[in-house]
Amino acid sequence: MAVAAKPKGEEMTPEHEEEVIIVGAGQSGLAAAACLSVRGVASCLVLERDDCVASLWRHRAYDRLRLHLPKRQCALPHAPHAAAAPDYLPRDDFAAYLDAYASRFGVRTRLRREVRSARHDARRARWLVDAVDLATGRAERYAARHLVAAAGENDERVVPEVPGMDTFPGKVVHSADYRSAGAFKGKSVLVVGCSNSGFEIAYDLAAGGAAAVSIAVRGEVHLVSREVWSVGMALQRYLPTWAVDRLVLLMCAVVFGGDTARYGLRRPAVGPFAMKMTTPAYPVFDVGTFAYQVRGDPRRAGRHQERPRRRRRVRRRPAPRFVFATGYRSITKQWLKSDDGLIGDDGMAGRSYPDHWKGENGMYCAGMVRRGIYGSGEDAELIADDISKQMKRRSSEPAHNGHITLVEKRFLLPVCNPP
């Protein structure tokens, strides 16, 4: 086993060689490893920065979270969900499914490995991946013929810079750290960001006893229901995108009682399915927030109307709480040393679907084009099929040792007839 160069100040372990290195043990990385295993590619290793697989679902998801699509559209390759499973899986059920998935296909992982650099060595025809074992601080190097970037878009939380926030006396959390409304009971809370997380956390806060909940909406947003979106996905098989968008918006008008712009939620000019296909923006799935928070909870209507008037006194209100549902960013571009265009400046796929998954020199990306769990599975199948075909092609090539090469060269020499 070759010994890699030792970075200054760090102890380096011997170089470890695999056929495939996958960066990220979320749904995309697990799916790619499983599909490779099904095709007989055993030399595959997944490097994961966190202490478990599927860390997004365990460490950065609120308790109320459920998948927004039916389970049949949220299964990874070769492992449908159980018939008895709920149609919309809760967070913990999906995390358990991913655990069982990794075990079923014998996915090999090394946890607490933070990838610092990955570059292609043309002379060796290998990707050299430098990582750090976060448990020991030791530097490690991996060499592989193929590299799969599967860290997704939820690498690093995004928190906007707000003047005075460092001295703000109230509680400020990112949605990654929010679990339930317990710590906010009786408090006023502002949720910054009308993402799926923001909308659902606002509902959870209101239902969990927060005194007042507001949502800061910066731009336009398509609000849909799970059921309407599922119908739209089914219609995509038979209708063009523009027709699906028209029907989906018509159904949304019925579900939400007209135009949501009346309540401050303006829809983009581009339809929800067209927007999903051409931009990074997702529609927002309503799980009850619209009726509860935007139009008002009917159980609260008129509750304070009959209170007698009292003399007003000046009081200091406790500082409100903030929940930043402002999303994440990918940091893949920070460690990937490649300029073939496979990964864009934002750390996600730099090419449009369906040509997004394969780069040069044995480089691939899985789940980086924002197509959800289904897209992760589709990418995994394409990548595994391509790698396994290359391996079969290499194994079928005749071996050339030094003696045979010399004989072949002898017969290729020009023949000169004597005068």
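**Figure 1. Aromatic rings that pair up.** Rings of Phe, Tyr and Trp (for Trp, its six-membered ring) count as a pair if their centres lie within 6.5 Å; planes under 30 degrees apart make a pair stacked, over 60 edge-to-face, and the rest tilted. Going by this rule, there are 12 aromatic pairs. Take Trp 229 and Phe 273: their ring centres are 3.9 Å apart and their planes sit at 10 degrees, so this pair is stacked. Trp 229 belongs to helix α5 (residues 226-235) and Phe 273 to helix α7 (residues 272-278), so the pair ties together parts that are 44 residues apart in sequence. Helices (H or I, at least four residues) and strands (E, at least two) are DSSP runs, numbered from the N terminus.

A quick word on the model: it is predicted, so to speak of local features takes a pLDDT of at least 70 and side-chain atom pairs count only at pLDDT 80 or more, while totals for chains, interfaces and linings use all residues. Residues are numbered from 1 along each chain as its sequence is written, and side-chain values use heavy atoms, with hydrogens and water left out.

**Figure 2. A cluster of rings.** Here, ring pairs join Trp 57, Phe 94, Tyr 97, Tyr 101 and Phe 105 into a cluster.

**Figure 3. Charges over rings.** A charge sits over a ring if NZ of Lys or CZ of Arg is within 6 Å of the ring centre and within 35 degrees of the ring normal. Arg 226 does this over the face of Tyr 88, at 4.9 Å from the ring centre. Over the ring of Tyr 353 you'll find the charged end of Arg 371, 3.9 Å from the centre.

**Figure 4. The buried side of α5.** Buried means under 20% relative accessible area, exposed over 50%, and partly exposed in between (1.4 Å probe, protein chains only). In α5, the buried residues are Arg 226, Val 228, Trp 229, Ser 230 and Gly 232. Phe 273, the ring partner of Trp 229, is buried too. The cover over the buried residues of α5 includes β11 (223-225), α6 (241-255), α7 and β12 (284-286), where contact means heavy atoms within 4.5 Å.

**Figure 5. Helix α1 against helix α3.** Helix α1 (residues 27-38) and helix α3 (residues 91-104) pack at an angle of about 25 degrees, with their axes 10 Å apart. The α1 side of the contact is Gln 27, Leu 30, Ala 31 and Ala 34, and the α3 side is Phe 94, Leu 98, Tyr 101 and Ala 102. Axes are lines fitted to C-alpha atoms, for helices over the stretch in contact, and angles run from 0 to 180 degrees between N-to-C directions.
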